[in-house]
Amino acid sequence: MSSVNNPYMPYPVRIANIVVDSPDKSLRTFKFEFLDPEDEKRFEYLPGQFAELSIPGEGEIPIGIASSPTEKGYVLFTVNRVGQVSSFLHNMKIGDIMGVRGPLGHPYPVHSLKGQNIVVIASGFAVTTLRATVAWLLHPDNRPNYGRITFVYGARSPGHLLFREDWEAWQKRDDIDVYVAIYKMVPGWTGKVGFVPAVLQEICPPAENTAAIICGPPIAIKTTQPVLFEAGYKPENIIMSLENRMKCGLGICGRCNVGPEYVCKDGPVFTLAQLNELPPEY
Amino acid sequence: MGNLETITQKIREKAKSLLESGQAEVVIGYRAGTIPLVAAPFFARSAADCDQLVWSSFARLNLANYLPNRTEKVALVAKGCDARSAVGQVVENQFPKENLYLLGVPCSGLVDPAQVAAKEPRPIQRATESDDAITISGQGFSVDIKKAEVLRRNCRTCAHRTPTVANELTGPEAPAAKPDDFEDLKTLLAKTPAERLNHFKDLIKDCLRCYACRNACPLCYCPVCFVDETRPQWLGKSTDPMDTMTFHLLRGLHCAGRCTACGACETACPVNIKVREFNRVLDKTVQENWAYEPGLAWEQKPPLTVFQPNDPADFIK
Amino acid sequence: MSEFEPKVVAFFCNWCTYGAADLAGVSRLDYPPNFRVVRLPCTGRLNPKFIMEAFKRGADGVWVSGCHPGDCHYIAGNYHARRKFVLLHSLLETIGVEPNRLRFSWISSAEANKFQAMARDVIESVRACGPNLTFRKANLQLDLAEVA
Amino acid sequence: MPEYLVKESSLASFFQALTQGRRLLAPQGQGDNCHLEVSTGPVSLDYANTHLSPKAVFFPQTEKLLAFHKLADKPKPHQYQDLGDKAEPTVIFGIRPCDAKGLSISNKVFQNDRFTDPYWKGKYEKTLKIGLACLSPSPQCFCAAMGGSPFGEVGLDVLAYPKDKGLGLRTLSPAGEELIESTSAEKADLASEIQDLAKKAIEAQGPLDAYQAIDASKLMDLYQAKHWANTAEPCLGCGVCTFFCPTCHCFDLQDEANDLGGVRMRNWDTCMSQLFTAHGSGHNPRPSKVERVRQRFMHKLKYIPIKQDGVRGCTGCGRCVVMCPANIDIRSVAATMAQASA
């Protein structure tokens, strides 16, 4: 059987780099290179999609893709150490061989948002797929197709802010408004202070012809919504990404469903308007 | 009116008065099943509910299973083994004694559908019962079977058919059966280790690892069962025979000195495995070594929580 | 069978048998090297699933050893353990595990000679049982052959 | 599609022909001991249904998908390799129409709008399915109430029924027709007889399609109905219903490894288990048995119909009705749902 047609077969990858991302070392960003360059072409993705990181003998974990397809030669994943597989991955070394299976799920609807303003709202380490989104939007091929772009990002402390190089570079550009905040003041911090909804309230771009893309822990998503409603955003224009326990990623194994929709196959990206019609099982 | 109807009447009356007086907020008993030869667990919270309560010899589940984590005041319709399990739950601090009212039913043994099917393989559409026989009928047939011929194995050797601890009994004490003499185990032990191993491997060969035996068991209330532990993962999730064997051995060990031989595990098993075989090995060991039977009194100390300095254990060098 | 070297997993109490093994070594009492020791704070810590896991992963035998009754560092740990062992021993024996595959002993930290004798006895009796094939999970290799 | 007749005298040669170049699976044994087993025919028709549904032929309880080596001297160490679908040409004789319909429902999950499961597909496509219609339904049967029929044709290549100690057959697919043409079966006109028998068998079952109110109602109304806590209360959470259900397809992917290498396998899993949906963080979208029981019935009676053009995920085989230790009867639950949405 040709493994190309087998969606259970991971592409073999080599760990090219590992960056420790948080002071407690619970977050690491892994850079993978495909062993077979052809696999990189097969792994054709858009921001918002995820993949199963597959460690032989340990299992798989679904993780959002943190790199943008405009960045060639590698893929990035930021992994929080939680369970058996992620703990094992955190102990792996540069040069180790493992697998990446995907891309899975639907991306943020970047193509259908052409001509609109976009506000990207990230809390905590859920910034990964949004970092990919902004990197993709800012690529010279794509930037002209969109209006005003706003990036709001908050984390616990400066040490918990991921992808510093990226957003510091974005701050210097004039085609994106970047607001990075920490939840509690620490000496030396010159950016904003406060939870993401508070920061958003302060700077929220007008709702007209604007879509909001939110990713974060459930509490952040819940508290951000009222701010957007107040600013006039409609549920159809609030785009979110869900997380549920997953195994196959193909809409078959059955555990990630939210009503009739499988988060892995039909999501993970949903508009608030869609979610309002579904059971709150996420 | 037969004995069964009398007990049913008594249960309904008592259930109503317990709910009315506030002594119980829910009465956990049985209702008639939707298919023949089955009585289903039922939770009565109103007088109207109470009229659905029944007693029958198809009441095979152990209702003490529904006690842990329940905050309501419960009246439990309990046959001998259920009452013992409920006492065990109290002794093991899984349910407060003050919230429990044991409505004890002297039980004359329950009917095993597998044995009925062995006697009458045709599809059964209806089953009724009198005090000592059941009548089953289907397309073009109607057959009477004496209950004594189709009792569950554990009921045939039940020494405590009448609850030993109960707030009230629904009728006169039921005569005890001849206690389990473990004769079959003695025969088995006379065989070679290889023969015994084959016996037990064969016993569990159809196991689907659905864990219905565990879930039906009033002793299995751990928040995380060893089969679900992941770090480390003690048990593979496949149908590997060694994983299946490990499950049954450890399940048996967890129940040792606590099992009241209620047979709910075998009732729940969808592939008719005699899972109690493992428990019986340990029941025998517990009785022989420590002369202990669980659930007979509130003050009992489970055998694995106590010791005697001179406990026998010759095999330890 | 002469080439078969048994692997035995040994669960030793930190306060006695573990010390006895140490003393045996220091006293140059030689004993077979066929066991891997897991040090426990007390035999009371031993969960039956540890023993099953050892057999499943291919141990040919398991040896559990702790303090003599009455000598527990934690006062009663080994009394409780003893009751567990009775159950475990009877269950495994009944289902057909050869009695010599699972051994129990009480050895104080001063009993280097008893340790030596017991170690020899355990290893030799497991050797006589032959390799543990029935309680080992063995079906992984079968599939590896397909992707060789 | 045409009909055929197999006389009693030619049954042996008919089954002999079925086994040419493929294995024949057929129910053997009775009651709880009735299982699909390799057969050389003739097959006894004296059974109600197999104890377990036939899904295990296509979706075994444990199926190894991938394997890898750890040793550096082997090719591609630490890289998964495909173990293949292990499909062999098969004909199953005697699938009941409820189970065949169940397989066709699962087939749309395993071969969905975005992905194809190669392990399922290989086996599904290499298996010809000959159904056996039910002349007299068992007490637990309710296929007609779920929109099926004892003579249902969905998911089958051939439908057979007992006729004069022989068999009547109707072919339902080109592959089925080719198969029957390769046997000694003779063409016959049985259309009106099949129609009569089907009508009688449906009437013997009781109410036709009894749960239409569920189809018409809103998802969230059913979801938020008041009865779920009561419905779930007796549930033991064992998952027997899901193991026996012909349309339950959920599985768990697991790796097992030793020092030499390992395998990735899938094992049947059940939505009745608390672990099924538990997040690594401890959060659980379906934390108690109320949510889990609701999930099972909503999935069968609302979610699958939404995704599969109104076809219900319950085919009325009655296995869960008989097997549930707590007697949670899907017929009563469906009736309650229908009532709640009325």
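**Reading packing and contacts**

Analyst: Let us begin with a pair of helices: H9(B) passes H3(C) in a right-handed crossing. Please bear in mind that the model is predicted.

User: At what angle do helix H9 of chain B and helix H3 of chain C pack, and how far apart are their axes?

Analyst: A helix pair is described by an angle and an axis separation. Here H9 (residues 241–255 of chain B) packs against H3 (residues 77–94 of chain C) at about 140°, and the axes are 11 Å apart.

User: Which residues of H9(B) and H3(C) meet?

Analyst: H9(B) contributes B:Leu249, B:Gly252 and B:Leu253, and these meet C:Leu87, C:Leu88 and C:Leu91 of H3(C). By class, this contact of H9(B) with H3(C) has five nonpolar residues, one polar and no charged.

User: How many residues do chain D and chain B each bring to their contact?

Analyst: An interface may be described by the residues on each side. Chain D gives 33 residues and chain B gives 29. On the side of chain D that touches chain B, the elements with two or more residues are helix H10 (240–244), strand E11 (251–257), strand E12 (261–268) and helix H12 (319–323) of chain D. That side of chain D comprises 15 nonpolar, 13 polar and five charged residues.

User: Which domains are assigned in chain A?

Analyst: The assignment for chain A lists domain 1 (3–104), domain 2 (117–236) and domain 3 (242–282). Between the C-alpha centres of domain 1 and domain 3 of chain A there are 22 Å. In their contact, eight residues of domain 1 of chain A touch six residues of domain 3 of chain A.

User: Which strands of chain A supply at least two residues of the side of domain 1 that touches domain 3?

Analyst: They are strand E3 (50–55) and strand E6 (97–104) of chain A. E6(A) provides the largest share of that side, three residues. The side of domain 1 of chain A that touches domain 3 of chain A has four nonpolar, two polar and two charged residues.

User: What separates B:Gln139 from B:Arg122 in sequence and in space?

Analyst: The two are 17 residues apart in sequence, and their C-alpha atoms are 8.4 Å apart in space.

Terms used. Residues numbered from 1 in each chain as written. Chains lettered and ligands numbered in written order. Predicted model: local features only at pLDDT ≥ 70, side-chain atom pairs only at ≥ 80, totals over all residues. Axes fitted to C-alpha atoms, helices over the stretch in contact; angles between N-to-C directions. Helix = DSSP H or I, 4+ residues; strand = E, 2+ residues; numbered from the N terminus. Left-handed = near helix turned anticlockwise from the far one by under 90°. Contact = placed C-beta atoms within 7 Å. Nonpolar A, V, L, I, M, F, W, Y, C, P; charged D, E, K, R; others polar. Domains from an automatic or database assignment.
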